[in-house]
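Here's a quick tour for anyone meeting this structure for the first time. Have a look at the model, then read on.

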Amino acid sequence: MNNMHNEMDFIIQFCACANLRKAARIVTQVYEKKMAPTGLKATQYYMLVNIARHKERSISELGEIMLLDQTTITRNVDILKKSGYVNITKDKSDSRTKTITITDIGLAKLEEATPIWLQIQDKIENNMGKDKYKDLLETLKTLKDSIES
């Protein structure tokens with residue numbers, strides 16, 4: 001029984017999935033609390049940025065860019081569309097494909113939300129230290145690459 005407890009303690013302390021999810025939840029909560037006045041969730045803000053940056057992408061392409069499943073992408077794109085932040089049109093060359101573009105209202109929402117995002121981002125980078133933050137990003141990329149191979 002003692003060996004089993006040791007194993008459980010090890011899993012609780014070192015599980016990559018659980019520890020990353022905990023950290024992600026905490027970071028997400030901070031972003032969403034600060035971004036609340038804009039009405040955007042963290043995922044929606046990041047999605048708007050990607051739509052603005054990668055003009056006229058399909059829902060599937062956006063999912064690949066953001067590494068999100070089709071259901072999550074579709075649900076959030078629908079919310080952004082209802083808010084008037086994006087347009088969804090049928091692709092000119094393939095009517096089965098829907099193309100997403102940002103609207104002027106969406107661009108205005110980004111202008112409102114980006115200063116808040118920058119404040120949060122700066123606080124994280126300054127509190128951690130810019131070098132440590134860059135190391136974290138490299139470590140996360142290495143983790144992602146090691147799992148995908």
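Is the crossing of α3 and α6 left-handed or right-handed? It's left-handed, where a crossing counts as left-handed if the near helix is turned anticlockwise from the far one by less than a right angle, and right-handed if clockwise. Bear in mind that this is a predicted model, where local features need pLDDT of at least 70 and side-chain atom pairs count only at pLDDT 80 or more, while totals for chains, interfaces and linings use all residues. Residues are numbered from 1 along each chain as its sequence is written, and side-chain values use heavy atoms, with hydrogens and water left out.

**Helix α3 against helix α6**

- Helix α3 covers residues 42-53 and helix α6 covers residues 104-128; helices (H or I, at least four residues) and strands (E, at least two) are DSSP runs, numbered from the N terminus.
- The two pack at an angle of about 125 degrees, and their axes are 10 Å apart. Axes here are lines fitted to C-alpha atoms, for helices over the stretch in contact, and angles run from 0 to 180 degrees between N-to-C directions.
- That angle makes α3 oblique to α6, going by a scheme in which under 35 degrees is roughly parallel, over 145 roughly antiparallel, 65 to 115 roughly perpendicular and the rest oblique.
- On the α3 side, the contact (heavy atoms within 4.5 Å) is made by Tyr45, Leu48, Val49 and Ala52. On the α6 side, it's made by Gly106, Leu107, Lys109, Leu110, Ala113, Thr114 and Trp117.
- The residues of this contact of α3 with α6 split into eight nonpolar, two polar and one charged. Ala, Val, Leu, Ile, Met, Phe, Trp, Tyr, Cys and Pro count as nonpolar, Asp, Glu, Lys and Arg as charged, and the others, Gly among them, as polar.

**Helix α4 against helix α5**

- Helix α4 (residues 59-66) and helix α5 (residues 70-82) cross at roughly 110 degrees, and their axes come within 9 Å.
- That makes α4 roughly perpendicular to α5.
- The crossing of α4 past α5 is right-handed.
- Ile59, Ser60, Leu62, Gly63 and Met66 of α4 meet Gln70, Ile73, Thr74 and Val77 of α5.

**Buried residues to look up**

- Ile120 sits in helix α6 and counts as buried at 6% relative accessibility. Buried means under 20% relative accessible area, exposed over 50%, and partly exposed in between (1.4 Å probe, protein chains only).
- Setting aside neighbours within four places in sequence, Ile120 is in contact with Val30, Tyr31, Lys34 and Met35.
- Ile120 and Lys109 are eleven residues apart in sequence, and 17 Å apart in space, C-alpha to C-alpha.
- Glu125 is in helix α6 too, and it's buried at 17% relative accessibility. Not counting residues up to four places away in sequence, Glu125 touches Lys130 and Tyr133.
- Ser58 belongs to strand β1 (residues 57-58) and is buried at 9% relative accessibility. With residues up to four places away in sequence left out, Ser58 touches Thr97, Lys98, Thr99 and Ile100.

**Cysteines**

- How many disulfides are there? The count comes to zero, with a disulfide being a pair of cysteine sulfur atoms within 2.5 Å.
- Cys15 is in no disulfide, and the nearest cysteine sulfur, that of Cys17, is 5.4 Å away.
- Cys15 is partly exposed, at a relative accessible area of 28%.
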